[in-house]
Amino acid sequence: MAAAERIISTSGSPKTRDDSVPTTAAPAQTPDAGAEGAAEAVQSARTAIVVEPDPSATPAAPAEAPATGATGVARRRRIGVLLVVALLAYLIDLGSKLLVVARLEGHSPIAVLGDVVTLQVIRNGGAAFGMGQAMTIVFTMIATAVIVVIWRIARRLYSLPWAVALGMLLGGALGNLTDRLFRSPEVFRGHVVDFISVQHFAVFNLADSAIVCGGILVVLLSFRGSNPDGTTHHAAAGKAEPGADANGGAAGDPGSEQDVRGAGRDAE
């Protein structure tokens with residue numbers, strides 16, 4: 001009897017289990033479930049990691065915008081327009097001078113519009129209206145300087161009207177410079193061939209006409225506020241002006257700050 005009582009009172013004995021009370025067995029963890037849990041843990045660890053930016057690191061340069069390439073193409077096109085206009089003006093002037101020297105020099109003037117406009121060949125060692133006959137070398141240097149300046153401006157040329165204007169100036173300057181260099185009496189002192197005579201005005205050539213037309217166009221463009229690089233004077237002035245604050249005063253103006261402070265004291 002004593003042995004039987006010990007068996008009954010011992011915990012875990014199959015004799016003491018109540019078949020009416022269900023027992024719950026712990027589910028066995030499969031290898032797949034363990035792998036999924038490890039992957040979730042790794043993903044959580046990655047999300048929790050915050051990468052601090054290095055202040056000493058140099059930021060990557062932004063990729064060159066496509067507009068930069070388009071701007072370069074536009075500039076090359078404007079330079080092409082300038083060169084074409086200059087070449088046309090130069091060739092027309094040169095051809096006309098060769099023609100009038102061969103056909104009209106030493107002959108009587110030819111009337112174009114009665115006595116108002118006539119064609120007659122005149123060798124001019126000076127400037128317009130026959131001024132500066134003894135300063136031929138000076139006008140040669142001036143023409144050379146004009147050509148250099150035009151070429152320097154063309155390096156930042158983006159405006160089509162400016163390209164046309166500078167092309168006419170360049171072609172006219174080259175036309176007269178050719179006469180200064182290669183016509184008699186000597187190099188750098190050659191006389192320019194003029195052949196268009198206007199009554200009570202002056203005798204000039206087509207190179208002079210190109211220079212005058214180009215100069216007038218430059219003046220008109222300047223009055224309109226246009227720059228050779230395609231910008232305008234008004235836009236450049238607007239960018240240069242300091243910004244104004246909400247109270248109507250300039251940003252950083254001590255006077256406006258004092259007015260605001262005084263208004264605050266009056267309200268108190």
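**Close-up views of a predicted single-chain model**

Of the 268 residues in the chain, 24% are buried (buried means under 20% relative accessible area, exposed over 50%, and partly exposed in between, with a 1.4 Å probe and protein chains only). This is a predicted model, in which local features need pLDDT of at least 70 and side-chain atom pairs count only at pLDDT 80 or more, while totals for chains, interfaces and linings use all residues. Residues are numbered from 1 along each chain as its sequence is written, and side-chain values use heavy atoms, with hydrogens and water left out.

**Figure 1. Overview of the chain.** The secondary structure comprises 8 helices and 4 strands (DSSP runs numbered from the N terminus, helices being H or I with at least four residues and strands E with at least two). Along the sequence these elements follow the pattern α-α-α-β-β-α-α-β-β-α-α-α. Among contacts with a separation of 6 or more, 62% are between residues 24 or more positions apart (contact means heavy atoms within 4.5 Å). The chain exposes about 18,600 Å², of which carbon and sulfur atoms supply 64% (accessible areas come from the Shrake-Rupley method with a 1.4 Å probe; for residues, only the protein chains shown count as cover).

**Figure 2. Helix H5 and the largest nonpolar core.** This core has 17 residues, and those touching the most other members are Leu82, Leu157, Trp162, Leu166 and Leu170 (a nonpolar core is a set of buried Ala, Val, Leu, Ile, Met, Phe, Trp, Tyr and Cys residues joined through side-chain atoms within 4.5 Å). Two or more residues of this core come from each of H3, H4, H5 and helix H6 (206-223). H5 gives the largest share, 8 residues. Beyond four places in sequence, Leu170 touches Leu82, Ala86, Ile147 and Ile150. H5 is largely enclosed by the rest of the structure, because 17 of its 23 residues are buried. The end C-alpha atoms of H5 are 33 Å apart, in agreement with the 33 Å that its 23 residues should span at 1.5 Å a residue (the expected span is 1.5 Å times one less than the number of residues).

Figure 3. Asp93 lies in helix H3 (residues 66-103) and is buried, at a relative accessible area of 1%. Lys97 forms a salt bridge with Asp93, the closest N and O atoms being 3.0 Å apart (a salt bridge is a side-chain nitrogen of Lys or Arg within 4 Å of a carboxyl oxygen of Asp or Glu). Both residues belong to H3 and are 4 residues apart, about one turn of the helix. Lys97 is likewise buried, with a relative accessible area of 1%. A network of salt bridges links Asp93, Lys97, Asp179 and Arg183. Neighbours within four places in sequence aside, Asp93 is in contact with Gly175, Asn205, Leu206 and Ala207.

**Figure 4. Leu206 in helix H6.** Leu206 is located in H6 and is partly exposed, with a relative accessible area of 30%. Leaving out residues up to four places away in sequence, Leu206 touches Ile92, Asp93, Ser96, Phe195 and Ile196. Leu206 and Asn176 are 30 residues apart in sequence, with their C-alpha atoms 9.5 Å apart in space.

**Figure 5. The salt bridge between Glu105 and Arg123.** The side chains of Glu105 and Arg123 meet in a salt bridge of 3.2 Å, N to O. This pair links distant parts of the chain, with Glu105 in the loop between H3 and strand E1 (110-113) and Arg123 in strand E2, 18 residues apart. Glu105 is partly exposed at 33% relative accessibility, and Arg123 is partly exposed at 31%.

**Figure 6. The loop between helix H5 and strand E3.** A cis peptide bond, with omega of about 15°, joins Ser184 and Pro185. Pro185 is placed in the loop between H5 (160-182) and E3 (192-198). Phe188 lies in the loop between H5 and E3 and has a positive phi of about 70° although it is not a glycine. Phe188 is partly exposed, with a relative accessible area of 42%. Arg189 forms a salt bridge with Glu186, the closest N and O atoms being 3.8 Å apart.
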